[in-house]
Amino acid sequence: MKRFITILVLFSTITLIAQETQQDTPETYKKRVLESTEVDFLMSYYTQDGDNAAVTGGIGTEELTDLTPTIVVSIPLNDDDVLTIDAGISAYTSASSSNVNPFDGDAPADPFVASSGASRKDVLTTIIANYSHSSDDRNDIWSANLAVANEYDYFSVGFGGSYTKLFNEKNTEVSIKANVFLDTWNAIYPSELRDQPAFIKFDDESRNSYSLGLGFSQILSKKLQGSLSLDIIQQEGLLSTPFQRVQFADVTDIIVDQFTYGDDVERLPDSRFKIAAGGRLHYYINEIFSLRTFYRYYTDDWGINSHTASIEVPIKITNKFTIYPSYRFYNQTQADHFAPFNQHLSTQEFYTSDFDLSDFDANQYGFGVSYTDIFTKFHISKFGLKSIDLRFRQYERSTGLSSSLFSGGFNFVMD
C-alpha cells in the first residue's frame with residue numbers, strides 16, 4: 001500500500017499547460033490543448049520505521065526504504081488529442097517483508113531484525129497510458145486509460161475512462177470517471193506454515209476493484225474556487241495479504257530463537273465497499289499568499305471511518321519561486337477484524353494484526369519549493385526547462401510509525 005501511495009504522491013507533481021495557438025486556416029481559431037511535447041522526470045525517496053510489522057503478526061520492525069524514478073511523456077497528437085505515457089519503477093528494501101522467512105539469514109530469527117532472504121527487496125514496475133480528446137470549444141473532455149503493474153508476487157491490469165463537462169463560461173465543471181483493476185496474487189506464505197497439513201491456502205488468488213468517481217468544481221468569485229468529490233469503490237476477491245501472520249491467544253506459542261511462529265495468515269472478508277466524500281476550497285489572498293484547504297470523510301463496511309483535513313499556503317517569493325508549507329491531519333477507527341499481536345482467537349472467522357487497519361491518528365508536515373519559467377530559458381538539447389518542484393513530507397502516526405518522503409519533478413517542453 002505504501003509503495004502505491006508513494007507512486008500516487010509522485011504523480012501529483014505532474015502539470016499539463018494549456019496555451020492558445022492559431023490554426024493554419026486564417027479564418028478559424030482554436031485553443032490548442034497542448035502546444036508541444038512535455039516530459040516530466042520524477043523521483044522520490046521514501047523511508048519509514050516502526051514496531052508493528054504485519055508480516056510478523058503486529059510486532060517487529062517496519063523499516064522500509066523505497067526509491068521511485070518515473071518518466072511521464074505527454075504528446076499532442078493534434079489540436080484536440082493528447083497521449084500521455086507514464087512509466088516508473090519502485091525499488092524497495094523492507095526489513096519487514098524479509099521475515100516472510102526469518103530463518104534464511106545468518107543471525108538468529110528475530111521480528112525486530114531483518115533477515116537476508118530474497119523477500120527483503122523487490123521492484124514494482126508500472127506503465128500507464130492515457131488518451132484524452134477535447135471538443136472544439138474545449139467544454140467537453142473524454143479520456144481513456146490503461147495501466148499495467150507487476151512485482152514478484154502481484155500482477156495488475158487496469159482500465160477506465162472519464163468525461164468532463166465545462167459550462168457557465170468555464171466557471172463550472174462536472175466530471176465522472178470509472179476504473180476497473182483486475183489483480184492476481186502469486187501467493188507467498190510464511191515459511192513455517194507452507195508445509196503444515198492443517199494450513200489452508202487461498203483457493204482464489206484474484207482481486208477485482210471497481211471505482212466510480214463524481215466531481216463538481218465551481219469558481220465562486222475572483223478569489224475563491226471550490227470543489228466537491230464522491231468516490232465509490234467495490235472490491236472482491238483475495239483482500240488478505242497472504243504473507244501477513246496472525247498468532248492466536250488460545251493456541252500455545254511456538255518460539256524459535258526470538259521469533260514466534262504464526263498460527264495462521266491474515267483472513268479478511270472477500271468483499272469490501274468503500275465511500276469517500278470530500279471538498280476543497282482555494283482562496284487567493286493577494287499576489288503573495290494563497291490558501292488551499294481540503295477535507296474528506298471515508299467509511300467502509302469493514303468498520304473503518306476516517307477524517308482527513310489538510311491546509312497548504314503557497315507563498316510566492318518571486319515571479320519564479322514559490323514555497324509550499326503544508327499540514328495534514330488524519331484519524332481513523334479500527335476495522336472490525338483487527339486485534340494486536342497474539343490477541344485473536346482461533347474460533348474467529350476473520351482476523352488481522354495489520355496496524356494499517358487499527359485505530360490511530362496521524363500528522364503530516366510538509367514543505368515544498370517550486371521554480372517556474374514559462375519562457376524556458378534553460379535548455380537541454382531541444383527541451384526547455386519549464387518548472388522544478390521539490391517537496392519534503394514528514395509523517396508521524398500515533399502507533400509509532402514514522403516516515404519521510406523526498407520527492408522532486410522536472411518539467412521539460414520540446415521547442
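Predicted model: local features only at pLDDT ≥ 70, side-chain atom pairs only at ≥ 80, totals over all residues.

Q: Which side chain makes a polar contact of 3.1 Å with R397?
A: Look in the loop between β20 (321-332) and β21 (360-372). The side chain that joins R397 is that of D356.

Q: And which arginine has its charged end over the ring of Y324?
A: Here the charged end lies 4.4 Å from the ring centre. The cut-off for such a case is 6 Å, and the arginine is R391.

Q: Is L357 buried or exposed?
A: L357 is in the loop between β20 and β21. Buried means under 20% relative accessible area. L357 comes in at 9%, so it counts as buried.

Q: What does L357 touch, leaving aside neighbours within four places in sequence?
A: Contact means heavy atoms within 4.5 Å. On that basis the list for L357 runs to L268, R272, W302, I304, Q332, Q334, A335, F338 and T352.

Q: How far apart in space are L357 and H337, C-alpha to C-alpha?
A: In sequence, 20 residues separate L357 and H337. In space, their C-alpha atoms are apart by 8.6 Å.

Q: How many aromatic pairs does the structure hold?
A: Ring centres must lie within 6.5 Å for a pair. The total for the structure is 13.

Q: What kind of aromatic pair do F248 and Y351 form?
A: Their centres are 5.0 Å apart, with 85° between the planes. This pair links distant parts of the chain, with F248 in the loop between β12 (245-246) and β13 (255-256) and Y351 in the loop between β20 and β21, 103 residues apart. Planes over 60 degrees apart set the class, and the pair is edge-to-face.

Q: Why is the F321 and Y371 pair tilted?
A: F321 lies in strand β20 and Y371 in strand β21, so the pair ties together parts 50 residues apart in sequence. F321 is partly exposed at 39% relative accessibility, whereas Y371 is buried at 18%. The ring centres are 5.2 Å apart, and the pair is tilted because the planes are at 55°.

Q: How many bridges join β8 to β9?
A: Start with β7 (residues 140-151) and β8 (residues 154-167), which pair antiparallel over 12 bridges, with a hairpin of two residues joining them. β8 and β9 form a hairpin too, with four residues between them, and N168 in that turn has a positive phi of about 55°. β9 covers residues 172-185 and runs antiparallel to β8, and the bridges joining them number 14.

Q: Which residue in β9 is the bridge partner of K165?
A: K165 is in β8, where it stands opposite D140. Turning to β9, the bridge partner of K165 is V174.

Notes: Residues numbered from 1 in each chain as written. Heavy atoms only, no water. Polar contact = N/O pair within 3.5 Å; in protein donor to acceptor, adjacent residues only side chain to side chain. Buried < 20%, exposed > 50% of the residue type's maximum accessible area, 1.4 Å probe, protein only. Phe/Tyr/Trp six-rings, centres within 6.5 Å; stacked < 30°, edge-to-face > 60°. Lys NZ or Arg CZ within 6 Å of the ring centre and 35° of its normal. Pairing = 2+ DSSP bridges.
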